[in-house]
Amino acid sequence: MPEETGLGGLLAVGADLSPDRLLTAYRHGIFPWYSEPQPILWWSPDPRMVLEIERLRITRSLAKTIRRVAMDKAWDVRIDSAFEHVIMCCKNTRREGQSGTWITDAIVDGYVALHRLGYAHSFEAWHDDQLVGGGYGIAIGRMFYGESMFALETDASKIAFVALVEFLHRNDVPMIDCQQNTRHLASFGAREISRIEFTARVKELTQQQGPTQWPSRLSLHETARFVDTVYRSRQS
């Protein structure tokens, strides 16, 4: 929750979470983050954590895991097959250092509305036809904004996330907004940039044509090949 992380960059208080307001906010590098009973708080941190896809790092152990699940027919990565289930799993996941959740009922309603309009997407790891990890975010033009992830099995959210990154790379989406600095994101190669740089890039990327069609599934074989390319390039 905001008061527990020390995140700076609070810009505004109040208003609503209508699709138009959310889209306007994201196009200006602003996102809502608050916990009940607070009013809606709108943030634009400085610096901003981002993952530039060309800087993606994959650990040896994760590369090995993705190669293994790519050969296992029990594993599957899907897109948007269970968006509301995913956001509720993110809402109900308890995280170290947090006594509650910032994914309020109003947040759920707002992002489900964005999903129905084609802007919010879930990326999902399924094992034996059970949802075991994933996350959701917002896509506007050539920009993707990561929101939250969860895992019910080891590395499940990482598998889904790397499959998403491969899809974004293939569709010329160069950057994922990670909002704030965490060790987990840094392990993937995410870094901090200034708010000025971030908002300039967001203004440019959101005005450009992004993916026109999101598939129902992402190939783990393609993900494994992508991981091998990334892993080899980081070792050279």
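Author: Two strands pair if DSSP finds at least two bridges between them. Keep that in mind for this predicted model.

Reader: What makes β8 and β9 a pair, and do they run parallel or antiparallel?

Author: Three bridges join β8 to strand β9 (residues 175-179). The cut-off is at least two bridges, so they pair. The two strands run parallel. Within this pairing, Y145 has D177 in β9 as its bridge partner.

Reader: Which unit do β8, α6 and β9 make?

Author: They make a β-α-β unit, and it is right-handed.

Reader: How do you know that β7 and β8 pair, and in which sense?

Author: There are eight bridges between β7 and β8. At least two are needed, so the strands pair. The sense is antiparallel. One of the facing positions is G134, opposite F150 in β8. The two strands form a hairpin, with two residues between them. In the turn, G141 has a positive phi of about 60 degrees.

Reader: What makes β8 mostly covered?

Author: Strand β8 (residues 143-151) has nine residues, and seven of them are buried.

Reader: Why is the pair of Y111 and Y136 called edge-to-face?

Author: By the ring rule, the count comes to nine aromatic pairs. For Y111 and Y136, the ring centres are 6.0 Å apart and the planes stand at 70 degrees. Centres must lie within 6.5 Å, and planes over 60 degrees apart count as edge-to-face. Both conditions hold, so the pair is edge-to-face. Y111 is in helix α5 (residues 105-116) and Y136 in strand β7 (residues 130-140), 25 residues apart.

Reader: Why does Y111 count as buried?

Author: Its relative accessibility is 0%. Buried means under 20%, so Y111 is buried. Y136 also has 0% relative accessibility, so Y136 counts as buried.

Reader: What makes F161 and F188 an aromatic pair, and of which kind?

Author: Their rings are 5.1 Å apart, centre to centre, with 65 degrees between the planes. The limits are within 6.5 Å and over 60 degrees, so the pair is edge-to-face. F161 lies in helix α6 (residues 156-170), and F188 in the loop between α7 (183-187) and β10 (191-193). The pair therefore ties together parts that are 27 residues apart in sequence.

Reader: How do you know whether F161 and F188 are buried or exposed?

Author: F161 has a relative accessible area of 7%, and F188 has 4%. Buried means under 20%, so F161 is buried and F188 is buried.

Technical notes: Residues are numbered from 1 along each chain as its sequence is written. This is a predicted model: local features need pLDDT of at least 70, side-chain atom pairs count only at pLDDT 80 or more; totals for chains, interfaces and linings use all residues. Side-chain values use heavy atoms; hydrogens and water are left out. Rings of Phe, Tyr and Trp (its six-membered ring) pair if their centres lie within 6.5 Å; planes under 30 degrees apart count as stacked, over 60 as edge-to-face and the rest as tilted. Helices (H or I, at least four residues) and strands (E, at least two) are DSSP runs, numbered from the N terminus. Buried means under 20% relative accessible area, exposed over 50%, partly exposed in between (1.4 Å probe, protein chains only). A crossover is right-handed if, with the strands pointing away from the viewer, the path from the first strand over the helix to the second runs clockwise.
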